[in-house]
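Reader: I like labels that can be traced back to a cut-off. Please take me through them one at a time.

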Amino acid sequence: MGATNDEGILRLKLRNNKRYKVVVYRHGYEQVEKKIKIENDSDRSVFTLNSYHSIFRINSKPEGANVQLDDENIGKTPMLNGKPVPIGFHRVRIDLGGEFRPWDEIIEFNGKEKNLTENNSIKIHKDYLRLGNNAENKNQLEQAIKTYAKTPRTHPDFAEAHSRLAQIYLDEKKNYDEAIKEYESVFDIPEIKQLVYKQYAVNYTNLGHAYYAKGNTLEKNNKITAAQYYGKAITNLNTAKANTRFFPSDRHDEAIHATYYFLALSYYRLYQATKKRSLIDKADL
């Protein structure tokens with residue numbers, strides 16, 4: 001219905017002889033709820049809001065991380081004695097530094113205690129993306145491969161790290177089996193395969209490219225298996241083609257070009273293997 005003014009007053013037009021349930025809330029205060037009945041136009045209801053805090057306890061694995069609450073340093077983990085925090089939403093940042101990535105979340109404090117210790121302790125992960133990217137920038141590809149490969153499936157950066165690993169295998173190492181393996185490990189995550197995380201749509205282009213390249217290596221000696229790889233390439237590239245609107249903006253045109261280019265080549269190679277006229281028509285298109 002609105003907010004009270006600086007004097008704590010809010011005037012509302014309500015119907016007489018009707019009951020209302022009124023909820024009054026302010027960040028950092030205890031919510032008040034009560035039922036009122038309006039008898040006449042001058043009726044007034046008063047709500048007293050008590051300051052309301054949640055006791056915040058936190059620990060991290062490993063321990064010794066700096067803890068910030070709304071950009072203010074409040075200590076290091078473990079913080080077991082508890083710190084009073086006003087009820088509401090607050091930004092909590094935990095930073096161990098070094099090779100570890102910061103943990104940064106918006107948390108709702110909505111009870112008498114917010115306990116992030118013991119089984120609820122915050123797991124701080126190594127920053128494999130930064131370490132791998134640093135190695136790539138120094139052209140230390142073997143070190144980058146080892147670093148990205150260490151990223152476990154439970155790590156929040158698993159998909160991005162293994163996508164980068166697959167790209168190195170595809171573009172730099174020409175190791176198409178490993179590239180396919182890494183891209184498929186990313187698509188094993190249901191949310192990515194179903195494009196809930198739309199930034200991974202371009203991975204369908206990259207996986208299609210890897211399947212096409214693998215088929216090329218087999219064409220002279222094993223046309224049947226090569227054709228199977230071309231078929232897989234077409235499936236993935238068509239998925240990419242249907243989702244080009246989700247391609248990253250910084251390389252959007254390049255990704256669209258690669259999608260159509262490898263799709264055309266895959267149709268053409270499959271046509272050569274099967275002599276199905278419809279395939280060459282699709283390649284031409």
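Author: Start with burial. Buried means under 20% relative accessible area, exposed means over 50%, and partly exposed lies in between, with a 1.4 Å probe and protein chains only. The model is predicted, so local features need pLDDT of at least 70 and side-chain atom pairs pLDDT 80 or more, while totals for chains, interfaces and linings use all residues. Numbering runs from 1 along each chain as its sequence is written, and side-chain values use heavy atoms, without hydrogens or water.

Reader: What makes A226 count as buried?

Author: Its relative accessibility is 1%, under the 20% limit, so A226 counts as buried. A226 lies in helix α7. Helices are DSSP runs of H or I with at least four residues, strands are runs of E with at least two, and both are numbered from the N terminus.

Reader: Which residues is A226 in contact with, leaving aside its neighbours within four places in sequence?

Author: G215, L218 and E219. Contact means heavy atoms within 4.5 Å.

Reader: Why is the pair of F187 and Y204 called tilted?

Author: The structure holds six aromatic pairs. Rings of Phe, Tyr and Trp (its six-membered ring) pair if their centres lie within 6.5 Å; planes under 30 degrees apart are stacked, over 60 edge-to-face, the rest tilted. F187 and Y204 are 4.2 Å apart, centre to centre, with 35° between the planes. The distance is within 6.5 Å and the angle is in the middle range, so the pair is tilted. F187 sits in helix α4 and Y204 in helix α6, 17 residues apart. Both F187 and Y204 are buried.

Reader: What makes Y211 and Y229 a tilted pair?

Author: Their centres are 6.0 Å apart and their planes make 45°, so they pass the pairing limit and land in the tilted range. Y211 belongs to α6 and Y229 to α7, 18 residues apart. Both Y211 and Y229 are buried. Y212, Y230, Y261 and F262 form one aromatic cluster.

Reader: How do you know that the buried residues of α1 line one face of the helix?

Author: Those residues are Y128, L129, G132 and A135. Seen down the axis of α1, they fall within an arc of 130°, so they line one face. The arc is that of the directions from the helix axis to the C-beta atoms. These residues pack against α2 and α3.

Reader: What puts the buried residues of α9 on the same side?

Author: The buried residues are L279, I280 and A283. They cover an arc of only 95° around the axis, which puts them on the same side of α9. The face turned away carries the exposed residues R277 and D284. The cover over the buried side includes α8.

Reader: What lines the largest pocket?

Author: A pocket is an open set of points on a 1 Å grid over the protein atoms alone, where a 1.4 Å probe fits, with protein on both sides within 12 Å along at least five of seven lines; lining residues have an atom within 4 Å of a point. The largest pocket has 33 such residues, and T4, L10, L12, S45 and F47 lie nearest its centre. β1 gives the most to this lining, with five residues. The space is about 1,300 Å³, a volume filled by probe spheres set on the points, which are joined across faces, edges and corners.

Reader: How much space lies in the second largest pocket?

Author: About 580 Å³. Of its 24 lining residues, Q167, D171, Y183, N206 and R251 are the closest to the centre. α3 gives the most to this lining, with seven residues.
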